[in-house]
Amino acid sequence: MILIVLLIEMVEVSVEDGLQPNTHFLHAKDGHTYYLNKVVKGGRLSLECMFYRRKGRPCRGRASVGANGLDFKLKKIHNHAPDHNLIHQRRLRSAILLRCRSGDPSMLRVIYDEERRRLKTPRVAAANIPFVTLRPAMQRARQSTLPRIPKTLTDLDVILRDDKYCFLTKTLDGQDCIYAGATGNEAEKTRCLIFMSERMLKYLARVKTIFSDATFCVVPTDLNGAQVWNLVTLRRHTTIGIGSIIMQSKSTECYRAAIKGIKHLLPSFNPQTIMCDYESSQQKAWALEFPNAERYGCLFHASKAILKKAKEKGLIPYIENNQHVDLAVRCLCALPLLPRNCIVDGLLQVSEAAFRKGLWSVMESLFKYVFKTWLSASRLPIFSVYECKDRTTNCCESYNYSLQTEVKTTHPNIFALISALVRLEDNTVQLLHVLSPGGNPRRKRKASVLVNDSRIRGLSEDLNEGNITRYKFLRQASRRMQGLYNDMLGPLKDN
Ligand SMILES: [Zn+2]
């Protein structure tokens, strides 16, 4: 060991790890590569050419160097030209294989290119070990460490709890682990695996508003998981990913199992506000587990559904050509901005106005749809986003997008998904370090967003004080979501 420490300090030779464990190469300034032969009297190191024992045409090249790494002397000449690229090749090769053995599930081609760029390997050197040549060794290195692909969530849980595979879920700084454990059971299709580091769990303890949303395209094909459910919060309008849960099904019971799992890990978990889209099993599970929390849907999802229905009813040409139809549909999209107890009346006033303009026959079925679907006993309580600090679950969309970007492909291998979750956790922890001292990690919110926010607040106050009717509120407030409305309408017009 002492010898190796000494060697690393050397200036005329540099030491690289060999292909086998505990073997080393010495690259000398003469462009030749040596093995250590022995330490001779006086502490000098006797070196022999790496081809000394090569079959066929061995090279008897020898050299020696002082223990301080200086005073390099060639003792016997080589029978081949020096190769200054070899040191770069060896470095690249061992870095790549090390990464494959570390369980990094990135594509092999990606690992090769990333390491080549990171080490700034000269092109000529890298050309001597192109990707195709190195690929078999990379595959062997990877297979030697990754477990077999699990078929069920229970199998995966067994793997992740095995100490041998803790590197799969270790955080990038090595201080934490993103796997928190399993809950539910396979037979009832409620198995859930929770991916949330200790430190994010700690953070969750003080989160008051939680956003949740499920995504499907990152679910591994060969695993019996139905979806990945992400928990997100906002801090000063910045999306903070709390954790992800691989769920066996989309049933209310499976959602409940997931939430119970988190409660078990964090008994003080008690969100005051919960926002998610209108998927009934998800909403129901939150309601059952946290009956006292305020629950909300999402303005964006509701408006989008209403506009899609308008298209189904053949209203797009009317919206484009008749300003009264356009106004009425826009007001319907703005209904969630009203206080809960004003929504039914708001809808009534919009339909009366349409009736007065002679549009009843055109719009009747859309009004009926909104009444039946959105003002139903289960939807109405979560339809209004009145006075909500955030009116949409867009932060979930943005987190889903980050996850998809990290995973790089749809329906990845499970280890690629886990590694993406590890990287996202690291990004989040970094983000919290920027936010904690009051820093701002993202660009400022757009002036138009701020103006619209303040206008909607002003209109809400006027409505409260009885200065404006509900219809007038809807007309004015819907103007404040014109951008969103146009964005959603655009694609519907096109096809
Ligand atoms: Zn030689």
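Q: Taking helices (H or I, at least four residues) and strands (E, at least two) as DSSP runs numbered from the N terminus, where is the place of K189?
A: K189 is in the loop between β7 (179-183) and β8 (192-195). This is a predicted model, in which local features need pLDDT of at least 70 and side-chain atom pairs count only at pLDDT 80 or more, while totals for chains, interfaces and linings use all residues. Residues are numbered from 1 along each chain as its sequence is written, and side-chain values use heavy atoms, leaving out hydrogens and water.

Q: What makes the phi of K189 worth a look?
A: K189 is not a glycine, yet its phi is positive, about 60°. H237, in the loop between β10 (227-235) and β11 (238-247), is likewise a residue other than glycine with a positive phi, near 65°.

Q: How do you know which protein atoms are donors of the zinc ion?
A: C49 (SG), C59 (SG), H78 (ND1) and H80 (NE2) lie 2.1 to 2.3 Å from the zinc ion. Donors are N, O and S atoms within 2.8 Å of the metal (3.2 Å for Na, K and Ca), with water not among the atoms, so sites may look incomplete. These four protein atoms therefore qualify.

Q: Why is the site of the zinc ion called tetrahedral?
A: Its four donor atoms make angles of 103 to 114°, and four donors count as tetrahedral if all angles lie between 85 and 135 degrees. For comparison, the ideal angle for four tetrahedral donors is 109.5 degrees.

Q: What does the pair C59 and H78 tie together?
A: C59 lies in the loop between β4 (45-49) and β5 (62-65) and H78 in the loop between β6 (73-76) and α2 (86-101), so the pair links parts 19 residues apart in sequence.

Q: Why are α16 and α17 called oblique?
A: Helix α16 (residues 394-407) and helix α17 (residues 414-435) pack at about 125°, with axes (lines fitted to C-alpha atoms over the stretch in contact, angles running from 0 to 180 degrees between N-to-C directions) 9 Å apart. Under 35 degrees is roughly parallel, over 145 roughly antiparallel, 65 to 115 roughly perpendicular and the rest oblique, so α16 and α17 are oblique.

Q: Why are α13 and α19 described as roughly perpendicular?
A: Helix α13 (residues 343-356) packs against helix α19 (residues 470-479) at about 80°, their axes 8 Å apart, and α13 and α19 are therefore roughly perpendicular to each other.

Q: Which residues of α13 and α19 meet?
A: With contact meaning heavy atoms within 4.5 Å, D345, G346, Q349, V350 and A353 in α13 meet R470, Y471 and L474 in α19.

Definitions and conventions: Tetrahedral: all angles 85-135°; square planar, octahedral: opposite > 155°, others 65-115°.
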